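I am opening my notebook on a new structure today.

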Amino acid sequence: MGPRPMCGVSWLGYGGRFVLRDDWESSQAALLRVEARHEGVEAIITVEGELDHSTVERFVARILEALDTKPRSITVDAPAVTFTDSSGLSALLQARGLAFVDHVAFRIRDPSPRLRRPVEASGIEDLPLPDE
């Protein structure tokens, strides 16, 4: 077990060094870029980089922000996802579930090859609107 955190300093285990929490958060931001925009009643979440255990909170936060705007649909635009793990797939399922609860269509558009295979294998499918 590593040393205990102190005064905003975290032990991350990456090379056995201490890093400031702000440094850690900015390094995570470099791993995943998540942007939201709206086109009419559609919220589009563009995801670039690594969707994994260290970045999923930011992704889900953007989904929640998008749902707060009451869109008719959410599209996750993902051609530039370079890596995902089980946490990333879980976050996509969580996003799909949150959309379902709010009666919002959900889809993943143009997943990168690194995302397409695990998405297809896990059975994450588009969630159409109730009238589609």
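**Entry 1: salt bridges**

I started with a network: R33, E35 and E48 are linked by salt bridges. My rule for a salt bridge is a side-chain nitrogen of Lys or Arg within 4 Å of a carboxyl oxygen of Asp or Glu. By this rule I count 6 salt bridges. As a reminder to myself, side chains of opposite charge can pair when their charged atoms come close.

Before going on, I noted that this is a predicted model, where local features need pLDDT of at least 70 and side-chain atom pairs count only at pLDDT 80 or more, while totals for chains, interfaces and linings use all residues. Residues are numbered from 1 along each chain as its sequence is written, and side-chain values use heavy atoms, with hydrogens and water left out.

**Entry 2: pairs one by one**

I looked up R37 and found its side chain in a salt bridge with E39, at 3.4 Å from N to O. For exposure I use relative accessible area: buried is under 20%, exposed is over 50%, and partly exposed lies in between (1.4 Å probe, protein chains only). R37 is partly exposed at 37%, and E39 is partly exposed at 43%.

Next came E42 and R107, a salt bridge whose closest N and O atoms are 3.5 Å apart. This pair links distant parts of the chain, with E42 in strand β4 (residues 42-51) and R107 in strand β6 (residues 105-109), 65 residues apart. Helices (H or I, at least four residues) and strands (E, at least two) are DSSP runs, numbered from the N terminus. E42 is buried at 15%, whereas R107 is partly exposed at 33%.

Then I checked R62 and E65, which form a salt bridge at 3.6 Å between the closest N and O atoms. Both sit in helix α2 (residues 56-68), 3 residues apart, so about one helical turn separates them.

**Entry 3: around β4**

How many residues of β4 are buried? I find 8 of its 10, so I wrote the strand down as mostly covered.

Strands pair here if DSSP finds at least two bridges between them. β4 runs antiparallel to strand β3 (residues 32-39), with 8 bridges joining them; A36 has I45 in β4 as its bridge partner. In the hairpin of β3 and β4, with 2 residues between the strands, G40 takes a positive phi near 65 degrees.

β4 also runs parallel to strand β5 (residues 73-84), joined by 9 bridges. There, T46 stands opposite D77 in β5.
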